[in-house]
Amino acid sequence: MAQWLNAKVTKRIDWNDHLFSLRFQCADFPEYTPGQFTKVGIEQDNGVVSRPYSLVSHPQDKQLEIMAVPVEDGVLSPKLHELQENDDLKVMAPATGFLVLNEVPDSDNIWLIGTGTGIGPFLSILAGSEIWLRYKHVILVYAARHQNDLAYSDLIQQCQRQYPRQFSYVPIVSRDKVDGLLHGRIPALLQSGQIIQHAEQPLDAKQSQVMLCGNPQMIEDAMVVLKSMGLKKHLRRSPGQITQERYW
């Protein structure tokens with residue numbers, strides 16, 4: 001049964017003035033699967049104000065971690081943005097969600113395609129061993145508005161160093177034009193073939209699985225493009241190639 005647990009902030013990371021991560025200790029939090037999410041909240045007089053957040057951390061980590069943006073007029077995210085080390089918060093246990101590898105069929109390669117904080121569950125998955133054992137090639141497509149919105153470069157660079165022949169990274173920015181980064185929106189860059197060209201890996205129904213997470217409009221538009229390429233949504237009763245999770 002779901003229940004609120006007490007947690008304490010142990011570290012905050014400010015990637016820029018509007019993108020941040022919180023690491024927190026919750027000793028009683030049960031085992032979870034990379035890619036899952038939970039509710040995080042702050043206790044107030046009338047109860048706990050909460051919102052769902054993906055766990056960026058890996059289950060082997062001793063602490064939990066989330067990534068967030070303070071939404072203007074949001075009921076929770078601006079308050080989370082104010083938290084400092086040793087501040088208290090609430091975490092719902094257990095974690096839940098189906099954007100996990102045990103819901104994804106085997107294939108030659110797997111594409112992890114995310115926008116903004118939707119990259120969170122993929123970072124948790126990349127930190128484990130399962131994805132590297134199951135797939136010959138792993139492609140991370142990470143899109144954000146500006147270059148300084150592309151967070152967790154240390155983890156991504158670690159994957160590049162540890163799996164140089166197995167891992168491909170495709171960073172994308174939509175507002176800036178930066179040397180070495182693709183410019184535009186994921187659906188258009190999929191349709192033009194630029195993402196596939198940059199990754200130097202095939203993306204088709206025979207060889208690929210795709211996991212999508214982030215902006216609902218990106219997912220909707222990307223689904224149209226991917227379906228035109230012969231891929232279809234994966235369901236347990238009807239196996240396909242696309243697994244998705246909308247972020248709001």
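Mentor: Let's go through some labels and the values behind them, keeping in mind that this is a predicted model.

Trainee: What makes Leu 155, Ile 156 and Cys 159 of helix α4 a group on the same side?

Mentor: These three are the buried residues of α4, which spans residues 153-162. They cover an arc of only 100 degrees around the axis, so they sit on the same side of α4. In general, an α-helix has 3.6 residues a turn, so residues three or four places apart point the same way. Asp 154 and Arg 161, on the other side of α4, are exposed.

Trainee: What do the buried residues of α4 pack against?

Mentor: Their partners are helices α2 (120-126) and α3 (130-134), plus strands β8 (137-144) and β9 (167-173).

Trainee: Now the rings. Why is the pair of Trp 132 and Tyr 163 called stacked?

Mentor: Planes under 30 degrees apart count as stacked, and centres must lie within 6.5 Å to pair at all. Here the planes are 5 degrees apart and the centres 3.8 Å apart, and that makes a stacked pair. Trp 132 is in helix α3 while Tyr 163 is in the loop between α4 and β9, 31 residues apart. Both of them are buried.

Trainee: What makes Trp 132 and Phe 167 edge-to-face?

Mentor: The angle again: over 60 degrees counts as edge-to-face. This pair has 65 degrees between the planes, with 5.8 Å centre to centre. Trp 132 lies in helix α3 and Phe 167 in strand β9, so the pair ties together parts 35 residues apart in sequence. Phe 167 counts as buried, at 6% relative accessibility. Ring pairs link Trp 132, Tyr 163 and Phe 167 into a cluster, and the structure holds four aromatic pairs.

Trainee: Why do Glu 43 and Lys 90 count as a salt bridge?

Mentor: The side-chain nitrogen has to come within 4 Å of a carboxyl oxygen. For Glu 43 and Lys 90 the N to O distance is 3.9 Å, and that passes. Glu 43 is in strand β3 (residues 37-44) and Lys 90 in strand β6 (residues 88-93), so this pair ties together parts 47 residues apart in sequence.

Trainee: Are those two buried or exposed?

Mentor: One of each. Exposed means over 50%, and Glu 43 has 54%, so it counts as exposed. Lys 90, at 13%, counts as buried.

Trainee: What about Asp 14 and Arg 12, how far apart are their closest N and O atoms?

Mentor: They are 2.6 Å apart, and the two residues form a salt bridge. Asp 14 has 44% relative accessibility, so it counts as partly exposed, whereas Arg 12 is buried at 14%.

Trainee: How many salt bridges does the structure hold?

Mentor: Nine. Among the pairs is Asp 108 with Lys 136, whose closest N and O atoms are 3.9 Å apart.

Methods:
Residues numbered from 1 in each chain as written. Predicted model: local features only at pLDDT ≥ 70, side-chain atom pairs only at ≥ 80, totals over all residues. Heavy atoms only, no water. Buried < 20%, exposed > 50% of the residue type's maximum accessible area, 1.4 Å probe, protein only. Helix = DSSP H or I, 4+ residues; strand = E, 2+ residues; numbered from the N terminus. Arc of directions from axis to C-beta. Contact = heavy atoms within 4.5 Å. Phe/Tyr/Trp six-rings, centres within 6.5 Å; stacked < 30°, edge-to-face > 60°.
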